[in-house]
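Please keep the sequence and the model in view while reading.

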Amino acid sequence: MTDVVELLRRGRGFLAAGDPSGAARYLAEAAEQAPRDRTVLTELALAHFRSASLGRAERVLTELVGLDPADGYARLLLGRTLSRLGRHAEALPQLKLAAALTGDPEVEREVARVRARVTPDVTPDVTPDVTPDVTPDVTPDVTTAPEAPPRAP
């Protein structure tokens with residue numbers, strides 16, 4: 001049996017090499033040996049997220065948030081996982097908490113993007129690709145004369 005530290009090292013190596021599925025194999029074994037180790041669980045959740053094993057990522061992240069409700073990164077990753085699953089209404093509270101815990105402007109932008117999916121009337125706080133053609137519903141007041149332009153001296 002390989003110790004947890006060695007399994008974690010190998011898992012991180014696979015993550016760094018761009019093989020999250022390979023990383024998950026080692027990190028899952030490490031999590032079996034150390035089921036409450038937040039470092040191992042965080043790395044495992046990240047491996048699942050990057051390999052698009054979103055159900056597995058959600059389970060690990062839910063466990064992580066249970067172990068430490070103030071873990072802003074776990075909440076961010078849980079929110080992003082739920083969002084990728086199309087569960088934006090569930091993702092939003094996790095992302096809001098992550099934003100409050102981390103103070104990271106990028107997380108705030110993520111909150112705005114997901115909020116826009118939950119509430120289509122809300123425009124996310126990101127620069128749009130196209131500018132919408134919006135004409136104000138304003139009728140000009142014809143009861144007053146327009147001001148004359150200033151005279152030249």
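A residue is called buried when its relative accessible area is under 20%, exposed when that area is over 50%, and partly exposed in between (1.4 Å probe, protein chains only). The model is predicted: local features need pLDDT of at least 70, side-chain atom pairs count only at pLDDT 80 or more, and totals for chains, interfaces and linings use all residues. Residues are numbered from 1 along each chain as its sequence is written, and side-chain values use heavy atoms, with hydrogens and water left out.

## Overall architecture

Helices (H or I, at least four residues) and strands (E, at least two) are DSSP runs, numbered from the N terminus. The protein chain has seven helices and zero strands, and its pattern along the sequence reads α-α-α-α-α-α-α. Of its 153 residues, 36% count as buried. The accessible surface, computed by the Shrake-Rupley method with a 1.4 Å probe and, for residues, with only the protein chains shown counting as cover, comes to about 9900 Å². Carbon and sulfur atoms hold 53% of that surface. A contact means heavy atoms within 4.5 Å. Among contacts with a separation of 6 or more, residues 24 or more positions apart account for 41%.

The expected span of a helix is 1.5 Å times one less than its number of residues. The table sets this value beside the distance between the end C-alpha atoms.

| Helix | Number of residues | Span in the model | Expected span |
|---|---|---|---|
| H3 | 13 residues | 18 Å | 18 Å |
| H5 | 13 residues | 18 Å | 18 Å |

The loop between H2 and H3 contains Arg-36. Is Arg-36 buried or exposed? Arg-36 counts as exposed because its relative accessibility is 64%. Leaving aside neighbours within four places in sequence, Arg-36 is in contact with Leu-41 and Leu-67. The C-alpha atoms of Arg-36 and Leu-67 are separated by 7.6 Å, although the two residues are 31 residues apart along the chain.

Helix H3 is mostly covered, with 10 of its 13 residues buried. Among them are Val-40, Thr-42, Glu-43, His-48 and Phe-49. The cover over the buried residues of H3 includes H1, H2, H4 and H5. At the N-terminal end, Asp-37 caps H3, with a side-chain oxygen 2.9 Å from the backbone nitrogen of Thr-39; a polar contact of this kind is a pair of N or O atoms within 3.5 Å, where, within protein, one must be able to donate a hydrogen and the other to accept it, and residues adjacent in sequence count only if both atoms are side-chain atoms. Ala-52, which follows H3, has a positive phi, near 65°. Within H3 lies Thr-42, which touches Leu-64 and Tyr-73 when neighbours within four places in sequence are left aside.

Helix H5 is largely enclosed by the rest of the structure, because 10 of its 13 residues are buried. These buried residues pack against helices H3, H4, H6 and H7. Asp-71 caps the N-terminal end of H5, a side-chain oxygen lying 3.1 Å from the backbone nitrogen of Tyr-73. Gly-86 follows H5 and has a positive phi, near 80°. Not counting residues up to four places away in sequence, Ser-83 touches His-88, Ala-91 and Val-114.

## Salt bridges

Side chains of opposite charge can pair when their charged atoms come close. A salt bridge is a side-chain nitrogen of Lys or Arg within 4 Å of a carboxyl oxygen of Asp or Glu. How many salt bridges does a search of the whole structure find? The search finds 10 salt bridges.

In helix H1, Glu-6 and Arg-10 lie four residues apart, about one turn of the helix. Their closest N and O atoms are 3.0 Å apart. In helix H7, Glu-106 and Arg-109 are three residues apart, which means a separation of about one helical turn. These two form a salt bridge with closest N and O atoms 3.1 Å apart. Glu-106 also meets Arg-113 in a salt bridge (3.1 Å, N to O). Salt bridges that share partners join Arg-80, Glu-106, Arg-109, Glu-110 and Arg-113 into one network.
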